[in-house]
Amino acid sequence: MIPYQEFLTEIRSYAEPEYAAFHKRLIKNDNVIVLGVRVPQLRKLARKYDDSVDELLSFPDEYYEVTFIKLAAVSYLKWEKFLNYVDRCVLLIDNWATCDCFIPKCISKHRDEFLPYLYAFFAEKKEFYQRFALTTLLHFYVEEKYLHTIYDFVREADTEFYYVHMAAAWLIAEVLVKFYGDGVKFLKLNEFDIKTRNKAIQKACESYRLTAEQKTYLKGLKR
């Protein structure tokens with residue numbers, strides 16, 4: 001593993017100032033410093049250093065790109081190694097972009113085993129802990145077997161947090177697209193807040209995977 005300053009020099013060689021300004025506006029977190037490296041290149045760097053995760057995690061988190069590379073590198077690990085780092089990784093998440101790009105593929109083959117971790121993160125009642133739990137459900141758990149688990153998480157989500165609200169809506173929208181009838185039944189129970197319910201309907205209706213008739217019906221469920 002190269003020293004931190006050399007690592008930063010390598011990252012900066014791919015930086016685009018105009019993209020940095022654009023991405024900074026999207027992140028909407030004044031505490032995040034963005035150099036302006038695009039995601040495909042960040043993933044390449046993470047692949048390059050995924051055998052040096054301990055060294056990566058020792059680097060300071062002063063730049064968005066450094067944290068991104070850390071999380072991406074961990075996301076490429078096999079299950080047993082991944083579990084050694086997941087707590088430290090979730091602790092590093094402080095914006096939606098970093099959260100949404102942390103998609104550990106190994107979870108797909110260990111979904112039942114990872115659920116206790118999701119419950120534990122969710123119970124922290126912190127914005128990006130809860131968003132990580134919800135986006136992980138979105139990526140790996142939208143199957144009939146887990147629908148009631150998804151509904152439980154959405155019922156308990158603290159949607160006063162904007163990025164939790166958006167993740168919960170995104171998750172239910174995906175349920176509506178993949179399991180329309182079951183998702184509609186859940187909507188009709190009115191067991192989560194109106195603004196998130198309406199946002200879920202809006203997102204579902206933006207999908208090309210629903211019919212015009214289904215979208216019309218969903219719009220009629222808005223409150």
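**Entry 1: F59 and its surroundings**

I began with F59, which, leaving aside its neighbours within four places in sequence, is in contact with M1, I2, P3, Y4, F7, V66 and K70, where contact means heavy atoms within 4.5 Å. I noted before going on that this is a predicted model, in which local features need pLDDT of at least 70 and side-chain atom pairs count only at pLDDT 80 or more, while totals for chains, interfaces and linings use all residues. Residues are numbered from 1 along each chain as its sequence is written, and side-chain values use heavy atoms, with hydrogens and water left out.

I then looked up where F59 sits, and found F59 in the loop between α4 (53-58) and α5 (64-75); helices here are DSSP runs of H or I with at least four residues, strands are runs of E with at least two, and both are numbered from the N terminus. Is F59 buried or exposed? F59 is buried, because its relative accessible area is 9%, and the cut-offs I used are under 20% for buried, over 50% for exposed and in between for partly exposed (1.4 Å probe, protein chains only).

**Entry 2: Salt bridges**

How many salt bridges are there? I counted as a salt bridge a side-chain nitrogen of Lys or Arg within 4 Å of a carboxyl oxygen of Asp or Glu, and by this rule the count comes to 13. One of them joins the side chains of E16 and R38, at 3.0 Å from N to O. This pair links distant parts of the chain, since E16 lies in the loop between α1 (4-12) and α2 (17-27) and R38 in the loop between α2 and α3 (39-48), 22 residues apart. E16 is partly exposed with a relative accessible area of 31%, and R38 is likewise partly exposed, at 40%.

I next checked R209 and E174, whose side chains meet in a salt bridge at 3.0 Å, N to O. Here too the pair links distant parts of the chain, with R209 in the loop between α14 (194-205) and α15 (212-219) and E174 in helix α12 (residues 162-178), 35 residues apart. R209 counts as partly exposed at 40% relative accessibility, whereas E174 is buried at 13%. I also recorded that salt bridges with shared partners join D152, R155 and E191 into one network.

The side chains of R47 and D50 form another salt bridge, at 3.9 Å from N to O. R47 is partly exposed, at 48% relative accessible area, and D50 is partly exposed as well, at 23%.

**Entry 3: Charges over rings**

The charged end of R38 sits over the ring of Y19, 4.4 Å from its centre. R47 lies over the face of Y76, at 3.7 Å from the ring centre.

**Entry 4: Aromatic pairs**

I found 20 aromatic pairs in the structure. Rings of Phe, Tyr and Trp (its six-membered ring) pair if their centres lie within 6.5 Å, and planes under 30 degrees apart count as stacked, over 60 as edge-to-face and the rest as tilted. F121 and F132 form an edge-to-face pair, with 5.8 Å from centre to centre and 75 degrees between the planes. The two residues belong to distant parts of the chain, F121 in helix α9 (residues 111-123) and F132 in helix α10 (residues 127-140), 11 residues apart. F121 is buried at 5% relative accessible area, and F132 is buried at 0%.

I then turned to Y162 and Y163, whose ring centres are 5.0 Å apart with planes at 80 degrees, so the pair is edge-to-face. Y162 counts as partly exposed at 45%, but Y163 is buried at 16%. Ring pairs also link W79, F82, F102, F114, Y117, F121, Y129 and F132 into a cluster.

**Entry 5: Cysteines**

Last, I looked for disulfides, meaning pairs of cysteine sulfur atoms within 2.5 Å, and the structure holds 0 of them. C89 is buried at 0% relative accessibility, and C106 is buried at 13%.

Notes: A charge sits over a ring if NZ of Lys or CZ of Arg is within 6 Å of the ring centre and within 35 degrees of the ring normal.
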